[in-house]
Amino acid sequence: MLARIQVGLKPAFRDSFGETTASRIKNDLGLPVDSVRTIKVFTVEADITDDQLLAAAQGPYCDPVTQDYSLGPLALDWHYDFDWLIEVGFRPGVTDNEGRTAAQALELMLGRKLASHEAVYTSTQFLMCGSLSQEEAETIAKKALANELIQRFTIISHADFVKEGGLKPYAAKVVSETKAVVDEVDLDVSDEELLRISRDGVLALTLDEMTFIRSYLAQPEVVEQRRAHNLSTKVTDVELEALAQTWSEHCKHKIFSGNIEYHDLDAGTVEKVESLFDSYIRTPTAEIRKRMGDKDWCLSVFKDNAGVISFDNEWNVVFKVETHNSPSALDPYGGALTGIVGVNRDPFGTGMGAKLLCNTNMFCFATPFYDKEIPARLLHPKRIQEGVREGVEHGGNKSGIPTVNGSLYFDDRFAGKPLVFCGTVGIMPKEINGKPSHEKMALPGDLIVMTGGRIGKDGIHGATFSSEELNENSPATAVQIGDPITQKKMFDCLIKARDMGLYRCITDNGAGGLSSSVGEMAEFTGGFELHLDRAPLKYAGLQPWEIFLSEAQERMTLAVPPEKIDGFMALCRKMDVEATLLGTFTDSGKFHCLYDGKTVAFMDMDFVYKALPPMEMVAKWQQKSFAEPQLPAVPDLADELKKLLASLNICSKEYVVRQYDHEVQGISVVKPLTGVANDGPSDAAVVRPLFDSFAGLVISHGVCPRYSDIDTYHMTACAIDEAVRNAISVGGSLERMAGLDNFCWCDPIQSDKTPDGHYKLAQLVRANRALAHYAKAYGVPPISGKDSMKNDYMMEGTKISIPPTLLFSVMAKIDDVRKAVTMDAKRAGDVVYVLGTTYAELGASEYAVLHGGLGNAVPKVREADSLPRYRALEQAIKAGLVASCHDCSDGGLGVALAETAFSGNLGMDLDLRQAPRHDIHRDDVLLFSESQSRFVVTVPADKAAAFEAVMADTGLGRLGTVTAETILQATGLGGAPVLRADLAELKQAWQATLAF
Amino acid sequence: MANKVKAIVITGYGTNCENEMAQACRLGGADQVDIAHVSELLHGEYRLDDYHFLNLPGGFLDGDDLGAGQAGAHRFRHAAIVGSDEKLQDQLLRFINDGKLILGVCNGFQLMVKMGLLPGFDRCYTDRQVSLTYNDSGRFEDRWVNLAVDSASPCVFTKGLTHLYYPIRHGEGKFVARDDATMQQVLANRLVALRYIDPATLEPTTEYPYNPNGSPDGIAGICDPSGRLFGLMPHPEAFLHRVNHPRWTREELPDEGQGVALFRNAVDFIRTNL
């Protein structure tokens, strides 16, 4: 039968989902909606009786205390007098997590598994009251309720709904009659034709790469080997798609591994760079490790899914940060959800597998108050922001992983592409079954097993904007929606399998799906044989190449020794986790896929993974110059401070933080919100991973995209410095601090589309040079990272490129979490210090932008000054001398002082003349310059002498004292009072902007 | 008298607070603490009969799809132990009849009310009479709350305690009864062992954010008339050491977190009575 069960909160109960939907429509779209009530619809397509349907409605699908159910239209049962009803459901093939849970509940009730033609689909009815036209109802459906890429909607007026007796049931089923076909593509064609094949197939292969494939296929021994497997001289679609995926910028990082001719037009010099990655990332880490000698605590860097360092004598910690930008632009919720549950699989698929400890995230958006016209196919920034926030909320919270650290950054150039960085830290015992946990190795003869979710067309060619309209029964392939519960069930099972020694090697299925997970692991053995027809599918009709490339989520690939396979499969069965044997790792040297026993791909492993020649690129650097800001002649400093506190990049992000569980697992020590009212902004997170030890981990990050406008070298230096000083602020140690670099760039390859590609590539080179320099200077080795190089929007002649962005994330050790320090002022009478010299560095600062000019004096990092300061401060914190410590970043010293004061609800009486400074003659420049490597510290009066002794010669200024009176006041450089601000007003300004 | 107090912590299908819940049991003095996956219960590898203290930790059973705890309650009711006709629910009811203790936190509390374990009037533990629904704010929140214990409540877990400070982390925590009579009966029997209070007045409150979900009368946790079954939305297992407290860097606090007390009460009760 095909039937609908409708469930809604009883009319006497508040429908808070409906209420927030109504206020969203009113506030964001300005349309006159008086109220919204919601009804959940379960569309059941199954061979069941009417009694069984009723039992499902009364049992698992409805809470009899709070909800009504109906097998007919519930809205009519209620006699609910709405004006419009909009029903929103998923398009065929889109992951419907609640539908899956509903189907499992039905199976449990029936005592049998559902057949392939049986399923449960969910949709939601929004019953709206308000005088709206049909057109306005459509606007609401499109702009507030449904994302047409993945969802469909029906709009019906109250009169029509009554007349027709409700809506007809509709099953969002993938209808597909296709038979499995392997196409062969003839590459013996003209250059134009080769490019057309690449473009039409969304392959993103260059002409050089296409001809490279052609010449490989023409080699006599290749022809002969392929003929033996009944393959012609043409390339199969399975092979071509796999090569396109493997050689994509996303997977191969061709820009980071290519050759660059770097022209410095200012200096008139030309230099050659062979691989940015080798020169500026891998080499510095190697040098730092060498310097540490036998104290080297790095265990696995840049070779696995995540970086691994030693935590203590028994445990290792693992960290990875990923981006999921394009999918989040298309479907913010699904894209971000997939981003977080996707990066979870990286630590889980590192070494023998790590237990997941905490998440981090960093988002870059355009302003949520964007009031210009939105370019075609883009969503409003606020909708993106809310969708991303909610996706990460569901992904993190439902996986039981605390979100301990994060931030938001706003710049309108992120309207074209938001950046969604998601990170996960994991922990694993140093040894598992007597072997080092951070190493893994598949052996020839090991079996290829895939676990977790099934394969659909999800995410095929996912990262590409598809220009094709989706039709009613075609699966939405561009976007995946993560399923945290299926993944958690799989992790619960695989961690047991790990400890029982049931597998030898593990990796995740992310970009490229099986083609990359199996391919990567096969590099250990030198080949594989994979039977694509054996893979479990969500629905029929997938072509072999689609099975191979699908980016369907929640899947791990494992190498299981033959003698362990029975035990492995039995464990998975017991724990309700799907596991399928797909083939064998071999030492044949061949990349070999079969379908129904016939070979559909047969290539040399070396050709696929090693043979591609490096890309040749040109970079040209010339320093740009910008107008200086027009600073007010006599600034009202209290007012300027309030404006800065209220700016998007400085204001409180509490509304986001509160909706993320930051305490699950019971490990939180320094939480994202701190202070007397639990609402001050922490600099970094401290977690205590083990119940039997007080050793802790510090997690922090730095990011400052706007500095890139002046010079990406200093942007990178400042991002690294910010991450490091945030970690130092809470008590992290430079003795064991590792970094992760995540580059998000705009396309840096010169072309018609990108006429400034040479400059953008030079920006990339400079960023990498800074990374190498400052990583070595601080002794903070990068251990893992990722790049995403095409963050541009191009549609109908409009191009929006993001500002080049480096997120630098840090993981550091703190020996005893009981020594950790938070940023809030603690007691009246404590002494207030600023650590570090302030320079006249307003370039690209918040204050400069507030006054209409970028300026040119971008902050610089002076490691000769900062490093001794960091080391001394670490000792002072360890010695218990510090009451509070807060780093100076966006908005400078002024903002750091204000935040320290209002987070402790304690005032300050300060003398700005005591601040160490260089060439500064204005109070506003001293307060709002964004010079790096500075802190505001408060110290109990009886410890001030000891503190000053520890910090001697590191640029210390004793600014004044903490007061009980809740006023922030300061004497200026001229000796007169220049600032007097009420803390409540400052805090109000800081909290009001994003009080969503 | 139990010479060895045995606690079991259930996990699987989206539960995620099992480790800190087990640690809380250990700190509370339990002699044996086992974490058991639902699949292992269903395969007979663990049996509730072998334990005194059942812990249903927080998390997102089945992703909160169909409503928090809804699918999980359905599983307890229908899933049979492999190779037998015994349902998980049969073990559970036997466990209750044996006078043993059950603690449900957050998603575990939601699971208990949806199974009908609470409020358990007239020793009926299978009929749903109360529920936990969406917060008035319409959103999930992580926030520390002040709580007051009703000293006249029969609750075994809160004996001797007065005020507590724990975090809540939920989107569906507003307590509702199926009718006024049920609500009155819950109140009259002093089953509301724990209430959200205004930290200034120390009085129960429905005011946000002190009461994070709009629960009537500040209801944060209820027990059954025997006091042996207790469910609460706040997370005691999240506060096991002073460094878990959001203001430990500015307040003088004892090393032991306030969450341990509930578990110690449970263990002491078992040692004396079972």
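Biologist: In which helix of chain A is the place of E640(A)?

Modeller: Helices are DSSP runs of H or I with at least four residues, strands are runs of E with at least two, and both are numbered from the N terminus. E640(A) has its place in helix α22 of chain A, residues 637-646. This is a predicted model, in which local features need pLDDT of at least 70 and side-chain atom pairs count only at pLDDT 80 or more, while totals for chains, interfaces and linings use all residues. Residues are numbered from 1 along each chain as its sequence is written, chains are lettered from A and ligands numbered from 1 in the order in which they are written, and side-chain values use heavy atoms, with hydrogens and water left out.

Biologist: Does E640(A) count as buried or exposed?

Modeller: Buried means under 20% relative accessible area, exposed means over 50%, and partly exposed lies in between, with a 1.4 Å probe and protein chains only. E640(A) counts as buried because its relative accessibility is 5%.

Biologist: Which residues is E640(A) in contact with, leaving aside its neighbours within four places in sequence?

Modeller: Contact means heavy atoms within 4.5 Å. On that basis E640(A) is in contact with P632(A), P635(A), Y847(A), L850(A), H851(A) and F928(A).

Biologist: Which residues have the most contacts inside the largest nonpolar core?

Modeller: A nonpolar core is a set of buried Ala, Val, Leu, Ile, Met, Phe, Trp, Tyr and Cys residues joined through side-chain atoms within 4.5 Å. The largest has 117 residues, and L873(A) and F947(A) have the most contacts inside it. Helix α25 of chain A, residues 757-778, gives the most to this core, with 12 residues. Another core, of 85 residues, lies apart from it and includes V38(B), L54(B), I219(B) and C223(B).

Biologist: How many helices and strands does chain A have, and how many does chain B have?

Modeller: Chain A has 31 helices and 45 strands, whereas chain B has seven helices and 11 strands.

Biologist: What is the radius of gyration of chain A, and what is that of chain B?

Modeller: The radius of gyration is taken over C-alpha atoms, and the globule rule is 2.2 Å times the number of residues to the power 0.38. Chain A has 29 Å, close to the 30 Å that the rule gives for 996 residues, so chain A is as compact as a globular protein of that length. For chain B, with 274 residues, a compact globule would have a value near 19 Å, and the 17 Å of chain B agrees. Buried residues make up 65% of chain A and 68% of chain B.
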